[in-house]
Amino acid sequence: MGYATMDGSLSPSSASSVKLALAGRLREVRLELYGEHGGPLLAQELAIPFRTWWNYERGCTIPGETILRFITLTGTEPHWLLTGEGDRYRVDGFYR
């Protein structure tokens, strides 16, 4: 993870690297579950435009509601999504 400043917030460069790492993990899950050309289907299931999803995979900030829907839809483990550590998916299966 990134380095925190004295007030506990992430420095701008650290925040940027955290966003890019998260974006990479989002893309990993999308590729594994939906395939190379599955972005439009995933976006449809998340009820967002494909272009918006494309931006998220490139590091744009993701609204909380969208990331929660993504976790629920894919069964992705939140800790892994944030840190890249541990199991990628919930051990007991999907949230559905």
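Helices (H or I, at least four residues) and strands (E, at least two) are DSSP runs, numbered from the N terminus. This is a predicted model: local features need pLDDT of at least 70, side-chain atom pairs count only at pLDDT 80 or more, and totals for chains, interfaces and linings use all residues. Residues are numbered from 1 along each chain as its sequence is written, and side-chain values use heavy atoms, leaving out hydrogens and water.

**Stop 1: helix 4.** Select Arg-69 and Glu-65. Both lie in helix 4, four residues apart, about one turn of the helix. A salt bridge is a side-chain nitrogen of Lys or Arg within 4 Å of a carboxyl oxygen of Asp or Glu. Glu-65 is exposed, at 56% relative accessibility; Arg-69 is partly exposed, at 28%. (Buried means under 20% relative accessible area, exposed over 50%, partly exposed in between; 1.4 Å probe, protein chains only.)

Stop 2: Now pick Glu-57 and Arg-27. Their side chains meet in a salt bridge (3.9 Å, N to O). Glu-57 sits in the loop between helix 3 and helix 4, Arg-27 in helix 1, 30 residues apart. Glu-57 is buried, at 8%.

Stop 3: Select Leu-42. Leaving aside neighbours within four places in sequence, Leu-42 contacts Arg-30, Tyr-34, Trp-53, Phe-70 and Leu-73. Contact means heavy atoms within 4.5 Å. Finish with Ile-71 in helix 4. Ile-71 is buried, at 11%. Its C-alpha atom is 9.9 Å from that of Leu-26, 45 residues apart along the chain.
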